[in-house]
Amino acid sequence: MWDTTTGSLKQTFTSPDTDINQTDDEKKIQTMLFSPDKRTVISLTQGGIIRLWDVSTEQHKQLMGNTGYPNTICLSTDGNTLATAGWDHTIHLWDLTTRKHKKSIIGYYHSNYAGFTRDHTIILLSPDSSKVASINRNNTIYLCDTSTGRQQPLVTETQKVIHLRDNNILFSPDSDTLAAVSPQGIIQLWDANTGKYKHTLKTQGATKTSVNHPITIYGTSFSPDSRTLANVSIDHNIHLWNTTTGRLKSTLKGHKNKVNCVSFSSDGKTLVSESQDRTLRLWDVATGKHKQTISNQVQSVNRKSFSVSITTFSLDNATLASSNQDGSIYLWDVATAKRKATFKGHADAISSITFSPDGLTFASTSVDGSIRLWDVGTGQQKQAIAGYKKTKWCVFFYPNGLVLASWAVNGFASIGQENVQLWDLATGELKKELSGHARNVSSLSFSADGKTLVSGSDDGTVLVWDMPSIINTFDSSE
């Protein structure tokens, strides 16, 4: 602090020894503010530390709680409230008198650095938790036994795996079959128990040029009994395949534009397809016949080519959830084909919708990095947690009512994210951090029964977590 009249030095505030483990860049003061009463100086370091300095005593105090790694701060005119924003894409409000967190505002997004690239590992856990499939940076698929740790690369008859992108691999519900989906419209099947190659399913129009109409994991789905695989093709049709023989069972025709996604009902009798022709169509899986059309006129006209819509049945198959590329979610009555409710809150395309077992609640995740919990009856948002822009949330509803969400991060902002974070979505509370990876966590997957969680990391490892034992530690840790 300087005397502006004389130019002489008045006071010097020095950071404490607790900064010794930080780099020189992290220690740098990025921003500082005077409180309106001139009694406090607020400083923000590049390491995200916020300190409140008492001008009279030169002593300092830090904000209490997770500040979300801030890179900007501002002060209310009365000096009572501090606002912070940073890499967690959330604006946090703080009471400067108590130094406690007051409120979070979801929806702040920090731009990503487009030129920054890094390695990543894609993983998928089988429904019975016995296997993990992973794809490394060289586009090789590995099948790993979770009990023994033994892994093997998967190859086809021609000793060549199709080109993959994103996380386009999926297990059948019985965990016996692994499917790899190519953006060129080619699907390959392996025996997940032996690693033996089974079949190649090639849809009509599947060529190298069909990358402009890519087949994704959202456009591919196993029936609950694992005997049928549905996928969409470039000609707007849907193909149903026999997974045992690899033969085409039937072709579902009717959509007039690109089909974004398909999904089976829990009893496997009905398939729903969502298309850019602004319709949702219900199909009889046994006969291949069209059952009903839902006119999705609320669908956005300005569609984003990289976004994918999601359709999900409730467990009783009475309600259908669909999403829009702008982040809106709609619930439909399957019997009447009428829209029941609209849910708005996300700022970008929906990546998953998960219903609770009782059907009264569902959780949605989005490309915007946030996860939200909704009340089906009232249409109100119950909870929201914001992550980084590249956050990939993974959700599971437990029988005891616990809604647990974990996250992985891809992108520039994920530096330092070596731990798996477990959140209680019902309360918005961070329950536990699982440490073990040496580099950033890039992918997560729950088993179908929620008893196992696997995490993949840039360090080249896949860790398997026992969820019941972890949940049992929640009370003791509190």
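Biologist: Is Ser 323 buried or exposed in this model?

Modeller: Keep in mind that this is a predicted model. Ser 323 sits in strand β26, which covers residues 319-323. Its relative accessible area is 2%, and the cut-off for buried is under 20%. So Ser 323 counts as buried.

Biologist: Which backbone nitrogen does the side chain of Ser 323 reach?

Modeller: Let's look at who Ser 323 touches: Ser 309, Ile 310, Ser 328, Ile 329, Ile 350 and Ile 353, leaving out residues up to four places away in sequence. The side chain of Ser 323 gets to 2.9 Å from one backbone nitrogen, and that one belongs to Ile 310.

Biologist: OK, over to the open sheet of 4 strands: which are its edge strands?

Modeller: The order is β21-β22-β23-β24, and the pairing is antiparallel. The twist from one strand to the next averages 20°.

Biologist: How many contacts beyond four places in sequence does the model have for residues 299-307?

Modeller: The chain has a mean pLDDT of 81, with 81% of its residues at 70 or more. Over residues 299-307, though, pLDDT stays under 50. For this stretch, the number of contacts beyond four places in sequence is 19.

Technical notes. Residues numbered from 1 in each chain as written. Predicted model: local features only at pLDDT ≥ 70, side-chain atom pairs only at ≥ 80, totals over all residues. Heavy atoms only, no water. pLDDT = per-residue confidence, 0-100. Contact = heavy atoms within 4.5 Å. Pairing = 2+ DSSP bridges. Helix = DSSP H or I, 4+ residues; strand = E, 2+ residues; numbered from the N terminus. Axes fitted to C-alpha atoms, helices over the stretch in contact; angles between N-to-C directions. Buried < 20%, exposed > 50% of the residue type's maximum accessible area, 1.4 Å probe, protein only. Polar contact = N/O pair within 3.5 Å; in protein donor to acceptor, adjacent residues only side chain to side chain.
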